[in-house]
Amino acid sequence: MAYASTNPYTEQQVKAFSDTTDVELETALNHADAAFKQWKNTTFAQRARVLQNAADILRANIDEYAQLLTLEMGKLFSEAKAETELSAQIFEYYAVHAERQLQPEVLPVTSNKGNRARIEFAPQGIILAVEPWNFPYYQIARIAAPQLAAGNVVVLKHASNVPQCAAKMAAMLLQAGLLDGAFQNLYPTHAQLAKIIADPRVRGVALTGSEGAGAIVAAQAGAALKKCTLELGGADAFIVLNDADIEKAAKWAVFGRHWNAGQVCVSAKRIIVEEGVYDRFLNLYREGVRQLRMGDPMDAATTLAPLSSRSAVTGLQQQLDEAVKLGAHAEEIALDMPAQGCFFRPVILTNIQPDNPARHWEFFGPVSSIYRAKDAAHAIEIANDTPYGLGGSIFTSDEERGAKLAQQIDTGMVFINHPTMVKADLPFGGVKRSGFGRELLDLGLKEFVNAKLVSIADIDAEF
């Protein structure tokens, strides 16, 4: 079966799920459409109550929810708890702020005296969410909370290796008091996914995933003349300037590259260090990576989790082998590896020359690409030499200079003196092959609403 839970630490299959049938799919879309006709007319207070209840349920049962994250995709239990709390914060954010953010916007009409105009933000219908496995709850919260707050309803197609997480979030929202049918988890085939996108009751598609999946879904959405948002890959630059606190920068780099076992779109994948501190930084970074410990992700002493699946290990190794074949130098950090589990020893890649295609790849796991920059301008040049444009960071003691340099980096997000900030009250999204559209804040809230102009004129006004 395509949808199955396999524990990445034991590599034992825990549970499998049957694909959604065509009859079940049609029933679900009918159910969602009927729910939308009710949900769009609920008050903000009713929606906020459901979203706050969702946050409260996640927090009250945080260990239970976190354990399922660790079981299905292998992340550290501490990181699973942090993800559960972040998801709660996102539901709570919209419970508090959505009503204000969706208030009509009065326009300063000057063309005709007596005319009044405003933009109203109206829900449109069913939104399809296609989500990845690396943050099973956070990815759901990031689309479900704003769309439900706006009055839309959501149909979810989650990654095939986290079906229990998907089902648990759907059950949680029902427990929170959400109208039945307003959020539904399905296990569709690729052919059925295309059918969902083409259905006229579906008004938008939000996908987080690979470039390949994004291209297919965007083409299908385009053919159906409906909007989509895409959050795809990333190869974020982690720039260290000569004036940075090198010891702290190295610690942040170790964390930024290895949290969630390096399986993060917005993480420190390409570490670019100014020449004056390169050797010192590399030594500190290498020592920091050596301190990581592989093991049971439920064990608090473990600091490097397994990858999500055996196929993830195989794919990363093939990619690494090809990079070395093309001229890169690979230094494996010889951590003790457990006898079981989908583990991958950290690797530091250097000498990745401009003609090596590996400069433009995303390594989704604990592989660090490190570059030597002649100066800050060269560091920016290397940072922008990528097909991706998700995030990036700059480490410097001069915050103003860092902020000015950030303006030159072609990404959707730049962080000064931090590898990334994934928060409920910060927007998320990228440019170039990292996708388009934004999630969170009012930007995500308004991606799939109808910004409707309502203009009121004196009947005797001039045309």
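## Cavities

The model contains 4 cavities of 30 Å³ or more, a cavity being a set of points on a 1 Å grid over the protein atoms alone where a 1.4 Å probe fits but cannot get out.

Where does the lining of the largest cavity come from? Helix H12 (376–384), strand E15 (388–389) and strand E16 (392–395) each give at least two residues. Helices (H or I, at least four residues) and strands (E, at least two) are DSSP runs, numbered from the N terminus.

## About the model

This is a predicted model, in which local features need pLDDT of at least 70 and side-chain atom pairs count only at pLDDT 80 or more, while totals for chains, interfaces and linings use all residues. Residues are numbered from 1 along each chain as its sequence is written, and side-chain values use heavy atoms, with hydrogens and water left out.

## Cysteines

If you are looking for disulfides (cysteine sulfur atoms within 2.5 Å), the structure holds 0. For Cys228, the nearest cysteine sulfur belongs to Cys265, 16 Å away. Cys228 is buried at 11% relative accessible area, with buried meaning under 20%, exposed over 50% and partly exposed in between (1.4 Å probe, protein chains only).

Cys342 is in no disulfide either, and the nearest cysteine sulfur, that of Cys165, is 16 Å away. Cys342 is buried too, with a relative accessible area of 2%.

## Salt bridges

There are 20 salt bridges, each a side-chain nitrogen of Lys or Arg within 4 Å of a carboxyl oxygen of Asp or Glu. Glu64 pairs with Lys168, with the closest N and O atoms 2.6 Å apart. This pair links distant parts of the chain, from helix H3 to helix H6, 104 residues apart. Glu64 is partly exposed, at 41% relative accessibility.

Lys75 and Glu83 form another salt bridge, at 2.5 Å between the closest N and O atoms, and both residues are buried. Glu211 meets Arg433 at 2.4 Å, N to O.

Key. 1 Å grid on protein atoms, 1.4 Å probe; cavity = no way out; pocket = protein on both sides within 12 Å on 5 of 7 lines; lining within 4 Å. Points joined across faces, edges and corners; volume = space filled by probe spheres on them.
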